[in-house]
Amino acid sequence: EEKGYAPLCSGLEDFYTRRMYLRIQDCFNRPITSAPKTWIDVVRRCSTDNNSILNPTGETIRCLNLGSYNYLGFAGHDDYCTPRVIESLKTYSPSTSSVRVDGGTTILHEELENEIARFIGKPAAVVFGMGYATNSAIIPSIISKGGLIISDSLNHNSIINGARGSGASVEVFQHNNPSHLEEVLRKQIAKGQSRLHRPWKKILVIVEGIYSMEGEICNLPEIVSVCKKYKAHVYLDEAHSVGALGKSGRGVCDLLGVDPEDVDIMMGTFTKSFGSCGGYIAASKEIIQYLKYICPAHLYATSMSPPAVQQAISALRVISGEDGSNRGAQKLARIRENSNFFRSELQKMGFDVLGDNDSPVMPIMLYNPAKMPAFSRQCLQHNLAVVTVAFPATPLLLSRARICISAAHTREDLNKALMIIGKIGDRIDIKYFPAEPKKT
Ligand code: PMP
């Protein structure tokens, strides 16, 4: 502030600097001391009146895990994946210590690229060390000034970042609403000087398979048909849907019967259903070749960690049945059953639950931001690990708890969680609908 300079840590959202946020810090960044399996060890810390976290080490609480993206239960030990990952660690070490083009490509990287492309139903793929960076680096590599991005209003921050960094013009359409997308497209194309003149070099429509804060599944068939009509390209982020949706786990195309040919760029991550790290882009051979030549995240970033690559390959083989078992099919059936059971039971109790059937992402609406720390702390007290989300990740009055269901949850786990959440719901008054009478 001296001589008019602002300190480095200023300019953040005002909310962060207020006492209220400081008082609920204990609800975030809780360290864990185990793998993010069905049961997880969470360190509880205290947030105190004088805004400091008093207990830096805290006590460790064993919790039923409803917070991690462990959709297919690959977190922790897996009889098929883990020995292979250990072997790859011995062979390759945790890091390639190189970028892809300079010694950072192992045989495993190429294997994963071939296998994920085949699984998704695209001719080729390229993998990156981080899912977030996949969006934020790829979008600026495929569109720039003179292009137009039309983005769903609830797209993930990595997409927003990529879109802003691209230099293209950005328009937003109402969440998951193909009619509004069409309206925006029509308006934008009408900016041309004549009926035959297109005012944009290219148009890229960006959507997600499952929206991570809403649990909603993309209305992909209608979005694809609008895009075809206006010759716009489609970019689909399947971070939460690949491996979790569809009869064979191939994501939203599989679930809703869309031909992957009709989606130009299929993006996904290995951090959720595959229990690994990193991201991928699957597309035509020309696009993938082009990205390998020009994308900075391919040229200048150290490649995906080999054990993470091996974990993704092994999980993919289990999902597709190439491990020679039917565990993949069982996991897929299980995540669907578990998700549909949990969602409908919460709704019967009177909770306001967002999202679609089959989606393992289940936001329970809390609305009032003050209910967020109450819900989070009481869950932890009763050995439930949940994620609560508030401003700035959601609008201020749309706080929520975001439950993630796993194929690894047993019916007993889910019933236990329902009983605890039901009681907390009564105590902090977050059942916004009348409960359904219990059948006797
Ligand atoms: N896209 C979406 C829709 C996401 O929800 C996330 C993070 N959860 C990412 C991209 C970033 O992926 P990663 O966490 O694997 O870096």
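Predicted model: local features only at pLDDT ≥ 70, side-chain atom pairs only at ≥ 80, totals over all residues.
How many residues has α12, and how far does α12 reach from its first C-alpha to its last? The answer is in the first legend.

View 1. Residues are numbered from 1 along each chain as its sequence is written. α12 has 15 residues and reaches 21 Å from its first C-alpha to its last, close to the 21 Å expected at 1.5 Å a residue; the expected span is 1.5 Å times one less than the number of residues. Helices (H or I, at least four residues) and strands (E, at least two) are DSSP runs, numbered from the N terminus. Because 13 of the 15 residues of α12 are buried, the helix is largely enclosed by the rest of the structure. A residue is buried if 20 or more other C-beta atoms lie within 10 Å of its own, exposed if 12 or fewer, and partly exposed in between, with C-beta atoms placed from the backbone. Gly321 follows α12 and has a positive phi, near 85 degrees.

**View 2. The largest nonpolar core.** The core has 115 residues, and Ala125, Val205, Ile223 and Ile281 have the most contacts inside it. Such a core is a set of buried Ala, Val, Leu, Ile, Met, Phe, Trp, Tyr and Cys residues joined through C-beta atoms within 7 Å. Helix α12 (residues 306–320) supplies the largest share of this core, 8 residues. Domain 1 (2–65 + 327–428) and domain 2 (81–320) both give residues to the core, so it lies between them. Leaving aside neighbours within four places in sequence, Ile281 is in contact (C-beta atoms, placed from the backbone, within 7 Å) with residues including Ala125, Ile138, Met267 and Leu291.

**View 3. The side of domain 1 that touches domain 2.** Domain bounds come from an automatic or database domain assignment. The centres of the two domains, taken over C-alpha atoms, are separated by 27 Å. In contact are 17 residues of domain 1 and 15 residues of domain 2. On the domain 1 side, α13 (327–349) and β10 (361–367) each supply at least two residues, and the largest share, 4 residues, comes from α13.

Terms used:
Contact = placed C-beta atoms within 7 Å.
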